[in-house]
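Hello,

Here is the structure I said I would pass on. Please look through the sequence and the model first, then read my notes below.

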Amino acid sequence: MDPLVAAASVLAAALAVGLAAIGPGIGQGNASGQAVEGIARQPEAEGKIRGTLLLTLAFMESLTIYGLVISLVLLFANPFA
């Protein structure tokens, strides 16, 4: 494998994981804060808010896992090699 391709693949893998973690991390913090605020305003709706929060957190976390899969493909099953 060309050293330039190997270096670019490692850099791309690092960027994939980093960028895939930033967006969902900000989104999860924002969603959690809004959920706590919603529960504080309407404590009787806690169950519905918590269920919706957990579902949305799972969807956001899946985006991070997609970035991890892309980085693993670039590192171990490099299509550019």
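Which residues of helix 1 are buried? In this model, which is predicted, they are Ser9, Ala13, Ala16, Ala20, Pro24 and Ala35. What they pack against is helix 2, residues 46–76.

Overall shape

The protein chain has 2 helices and 0 strands. Its radius of gyration is 18 Å, while the globule rule gives 12 Å for 81 residues, so the chain is more spread out than a compact globule. The C-alpha trace spans about 60 × 15 × 10 Å along its principal axes.

Helix 1

Helix 1 runs over residues 3–41, which makes 39 residues. You can check its length with a simple rule: at 1.5 Å a residue, the helix should span 57 Å.

Is Ser71 buried or exposed? Its relative accessibility is 3%, and buried means under 20%, so Ser71 counts as buried. Leaving aside residues up to four places away in sequence, Ser71 touches Ala13, Ala16 and Val17. Ala13 and Ala16 are also among the buried residues of helix 1.

Burial, contacts and surface

Of the 81 residues in the protein chain, 19% count as buried. Now take the contacts between residues at least 6 apart in sequence: 78% of them join residues at least 24 apart. The chain exposes about 5700 Å², and carbon and sulfur atoms supply 74% of that area.

What the record says

- The annotation "domain: V-ATPase proteolipid subunit C-like" covers residues 11–74. Here the chain is 94% helix and 0% strand, with the end C-alpha atoms 10 Å apart.

To follow this in the viewer, start with helix 1 and its buried residues, among them Ala13 and Ala16.

Regards

Notes. Residues are numbered from 1 along each chain as its sequence is written. This is a predicted model: local features need pLDDT of at least 70, side-chain atom pairs count only at pLDDT 80 or more; totals for chains, interfaces and linings use all residues. Side-chain values use heavy atoms; hydrogens and water are left out. Helices (H or I, at least four residues) and strands (E, at least two) are DSSP runs, numbered from the N terminus. The expected span of a helix is 1.5 Å times one less than its number of residues. Buried means under 20% relative accessible area, exposed over 50%, partly exposed in between (1.4 Å probe, protein chains only). Contact means heavy atoms within 4.5 Å. UniProt positions are given in the numbering used here, feature names are shortened, and annotations may be inferred rather than shown by experiment. The radius of gyration is taken over C-alpha atoms; the globule rule is 2.2 Å times the number of residues to the power 0.38. Accessible areas come from the Shrake-Rupley method with a 1.4 Å probe; for residues, only the protein chains shown count as cover.
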